[in-house]
Amino acid sequence: MSTWSVKMAAVTAALVLVAAAAIGASSDGVNKIRIAAASGATRVVLDLKRPVSHTVFTLSNPARVVVDLHATTIDATSIGVPGPTGIVQRVRLANRDNGDARVVLDLAEPARPRSFPVPPDGSSGHRLVIDLELLRTERVVKATPGAERGRNIVVALDAGHGGKDPGAIGRRGTREKDVVLQIVRRVKARIDREPGMEAYLTRDGDYFVPLRERIERARRQRADLFVSVHADAFKNQRARGSSVYVLSPRGASDEASRWLAERENAADLVGGVSLDDKDAMLASVLLDLSQTAAIDASTSVADQVLTRLGVVGRVHRTNVGRAGFLVLKSPDIPSILVETAFISNPAEEKQLKNAKHQEALAGAIVDGVRAYFYDNPPPGTLLAIEGPATRTGPVEHIIVRGDTLSDIASRYNVSLAALRRQNGLKNDRIRIGQVLQIPAGVGS
Ligand SMILES: [Zn+2]
């Protein structure tokens, strides 16, 4: 920005403030503005005299968040304007010709606003909360400090439902929220044992986390992959097997997917405040077209995981499903949703509670995730820098569609002959689902 335009911006700002003072309107909607900052997030709270409808949008260069309070007047002198706090450098107020009051937050750097009303509770009256989350957050690195070894791949594991939302319930009373947390913990333990990988849980207990918050938690960890784990339910008790879904950009692609998506998305309403209708900004960010690349990556991971689940047990559908699950709508993190089995099927309900079967499911998920990252290591990660040779112990490779023996040999940096010898193969014919032992200790 030129010096001239900086000056002009300052003049404009001064005029806005003068205008607000000149009108001298009392604040008929806002009592007070408060700002608090903690660990990278800044929260702005408007204490209201009554519920006020509003819109929030952002402006860039310089970064601003604008909050328009509909049919409201605001007065700086009566409410007191807070000083710089967190990323908010300045708060400006104005009453607009259309009858709205405008609150402009000048920011030190771009942030994503998330606004929601809070009803009165005891000591506090109606409030409008605007959370400002930095678009740029520090990456969490667990890799050896100092060394140029690359960071760990971060896998966000999301146990579906929780707290007041039990998810689906089996005939014997098994709750989806309990078994998926058990499975997810097993997946985490396995991933944390993988060289160059670490796992993060969006919930690690029996409590409710809104769907968008699950995405946000994964984003704050800079996750390379988001895996949501669920158990399916259907009115027909005989329905069985695992399914893996990725986001369908146009929502549900078939009737069953749509039904399922509605059921899983309904969880966001169970948790209390739904941000859906109030958060057009966030929604548009999430639905950005940059999802296309993430969906391609998601489909590759999903394919790998589904193939391995098919080895552990049955698959409900042989292809990766596409549905409009809200929890998969990260614009830039590949995301998959695993329906481990049908909790509504008595035999599978029993299996879902079984520790050995849970381990098998967890193993299938981790094998699929590992295979994907061996092929597609994110830049800057230990795996990208050092390659799969950093692994310890023997590795199994399960054949997926499109694999050839020579591809597998080069991927794991072993000779074709060694691969054939290890697996007693007389020729290069392989079949989907076949398990190959990759000779250990190679490539290093
Ligand atoms: Zn579920």
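Modeller: Let's start with A71, which is exposed because 12 other C-beta atoms lie within 10 Å (exposed is 12 or fewer within 10 Å of its own, buried is 20 or more, partly exposed is in between, with C-beta atoms placed from the backbone). Bear in mind that this is a predicted model, where local features need pLDDT of at least 70, side-chain atom pairs count only at pLDDT 80 or more, and totals for chains, interfaces and linings use all residues. Residues are numbered from 1 along each chain as its sequence is written.
Colleague: Where does A71 lie?
Modeller: In the loop between β4 (64-69) and α2 (76-79); helices (H or I, at least four residues) and strands (E, at least two) are DSSP runs, numbered from the N terminus. A71 also has a positive phi of about 50°, though it is not a glycine.
Colleague: And H161, is that buried or exposed?
Modeller: H161 is buried, with 25 other C-beta atoms within 10 Å. Its loop runs between β9 (153-159) and α3 (176-193), and H161 has a positive phi of about 60° without being a glycine.
Colleague: Why bring up phi for those?
Modeller: Because most residues other than glycine have a negative phi.
Colleague: New topic: how do the axes of α3 and α10 cross?
Modeller: At roughly 50°, coming within 9 Å, with helix α10 covering residues 355-375. Axes here are lines fitted to C-alpha atoms, for helices over the stretch in contact, and angles run from 0 to 180 degrees between N-to-C directions.
Colleague: Which residues make the contact?
Modeller: Among them are I183 and V187 of α3 and L361 and I365 of α10; contact needs C-beta atoms, placed from the backbone, within 7 Å.

Terms used. Two residues are in contact if their C-beta atoms, placed from the backbone, lie within 7 Å.
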